[in-house]
Each structure stands twice: as C-alpha cells, then as structure tokens.
Amino acid sequence: MRWAVLTALLLLRSGCSVPPPAPAPSQPGTAAASETDDPLASINRKIFRLVNRQRRLHGVRELEWNNALAEQARLQSADMVERGFFEHDNPAHGPLAKRLSAAGIRWARCAENIFREQGMEDPADAAVEGWMRSPGHRAILLDPLFVETGIGAAISPDTEYFITQDFVLPPM
C-alpha cells in the first residue's frame, strides 16, 4: 500500500530568530567524499536538485549545499527512525535551533521540512511534491531569505523513508 505522511509546518521562528551562542563557521560547498559512499546520498542530491528547480521556477535564488547542515539533517532522520518519532522537536536533542547551535552551525534564521513515506517508487520526488502541496512546507522551501540547505535521509528496516531538509540564513 502506498502512503505518505507529511508533518505540519514548524518554522521555528522564535527558536531560530536569535543567533546561537558560541557559533562556529558553516561549511557550504559540495557533497563530502563520505556522502558519495552513502547509498542514500543519491536521494539527498536529487531532492537538492528538485528543490532548486522549484526555486528557479518560482523566481527564487537557488540554495547552496551545506555539508554541516546535511549531517544534522541526516542525524535527525536517523533519530526519527531509531527512536520512533516523527516531529521537528527531537526528544533527545531538542528543536532545530538547539541542534544547530550544539553542532556549532552559525545561523540568523533556520527552518526544517521533514517527510516520511513508504511504498513510493521515488522518495525524492514524493518528498518535494508533498512539500510543494503543503502551504507551510512550500513557504519554507521557497523562502528567499534562506540561502543554505542540507538534506539527510534514513530508511527503517521495513523500508520507510524519513527525510529531513534543514534551511539557514547565515549571520551577516
């Protein structure tokens, strides 16, 4: 049976509106060598391409890949699989703002889209199409203030995909 579940928008404006204390530099760029060995890397990169295609189609600047954000997104997806939850507020590590701060990622604004699905032929297409149909997720995806992103997918033993995309506006 095919099914997909989308989460409601959680743009952590209050949690993501003040830069974190003691930040470290973000690391935008191309995918890390270790990511290319990851069997889920092709899903992450396809989502990145599809999201940037949507941004271009809507007259919004493309996002830059950020390896540190991708690692945080991957960790969030893996935690959702391992701990059995599906939400932005990680029971062990807190909301996105706290997770980014703990990882030393600098930001002035942040947001997150998550997606969960099982049975779809192409989880990357399903995630982006689902986000574009959801007003809250679409607003984050097309927000011109965000300039960097990272995407991380995880898969459960019963082949359920959990996908997280984190967005940031770096501090000026």
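Q: Which residues of H5 do Ile43, Lys46, Ile47, Leu50, Val51 and Gln54 in H2 meet?
A: The model is predicted, so local features need pLDDT of at least 70 and side-chain atom pairs count only at pLDDT 80 or more, while totals for chains, interfaces and linings use all residues. Residues are numbered from 1 along each chain as its sequence is written, and side-chain values use heavy atoms, with hydrogens and water left out. Helices (H or I, at least four residues) and strands (E, at least two) are DSSP runs numbered from the N terminus, and contact means heavy atoms within 4.5 Å. On that basis the H2 residues meet Pro123, Ala124, Asp125, Ala127, Val128, Trp131 and Met132.

Q: At what angle do the axes of H2 and H5 cross?
A: Two packed helices are described by the angle between their axes and the distance between the axes. Axes here are lines fitted to C-alpha atoms, for helices over the stretch in contact, and angles run from 0 to 180 degrees between N-to-C directions. The axes of H2 and H5 (residues 123-133) come within 9 Å, and their crossing angle is roughly 35°.

Q: Is the crossing of H2 and H5 left-handed or right-handed?
A: A crossing is left-handed if the near helix is turned anticlockwise from the far one by less than a right angle, and right-handed if clockwise. For H2 passing H5, the crossing is right-handed.

Q: Which residues outside its sequence neighbourhood is Ala124 in contact with?
A: Ala124 is placed in helix H5. This residue is buried, with a relative accessible area of 1%; buried means under 20%, exposed over 50%, and partly exposed in between, using a 1.4 Å probe and protein chains only. Leaving aside neighbours within four places in sequence, the contacts of Ala124 are Ile43, Lys46, Ile47 and Leu50.

Q: What separates the C-alpha atoms of Ala124 and Ile163?
A: Along the chain, the two residues are 39 apart.

Q: Within what arc do the buried residues of H2 fall?
A: The buried residues of H2 are Ala41, Ile43, Asn44, Ile47, Phe48, Val51, Asn52, Gln54 and Arg55. Seen down the helix axis they line one face, where the arc is that of the directions from the axis to the C-beta atoms. The arc that holds them is 165°.

Q: Which exposed residues does the face of H2 turned away from its buried side carry?
A: After H2 comes Gly59, with a positive phi near 70°. On the helix itself, the face turned away from the buried side carries Arg49 and Leu57.

Q: Which elements are included in what covers the buried residues of H3?
A: H3 (residues 67-83) has 17 residues and reaches 24 Å from its first C-alpha to its last. Its buried residues include Leu69, Gln72, Gln76, Asp79 and Met80. Their cover includes strand E2 (64-65), helix H4 (96-102), strand E3 (109-118), E4 and E5.

Q: Which residues does Leu142 touch, not counting those up to four places away in sequence?
A: Leu142 is in the loop between helix H6 (135-141) and E4. With a relative accessibility of 13%, Leu142 counts as buried. The residues touched are Gln54, Arg55, His58, Val60 and Met132.

Q: What is the relative accessible area of Thr159?
A: Thr159 lies in the loop between strand E4 (148-155) and strand E5 (160-169). Its phi is near 60°, a positive value in a residue other than glycine. Thr159 is partly exposed, and its relative accessible area is 45%.

Q: What pattern does the chain follow, read along the sequence?
A: The chain has six helices and five strands. Of its 172 residues, 51% count as buried. The pattern along the sequence is β-α-α-β-α-α-β-α-α-β-β.

Technical notes: Expected span 1.5 Å × (residues − 1).
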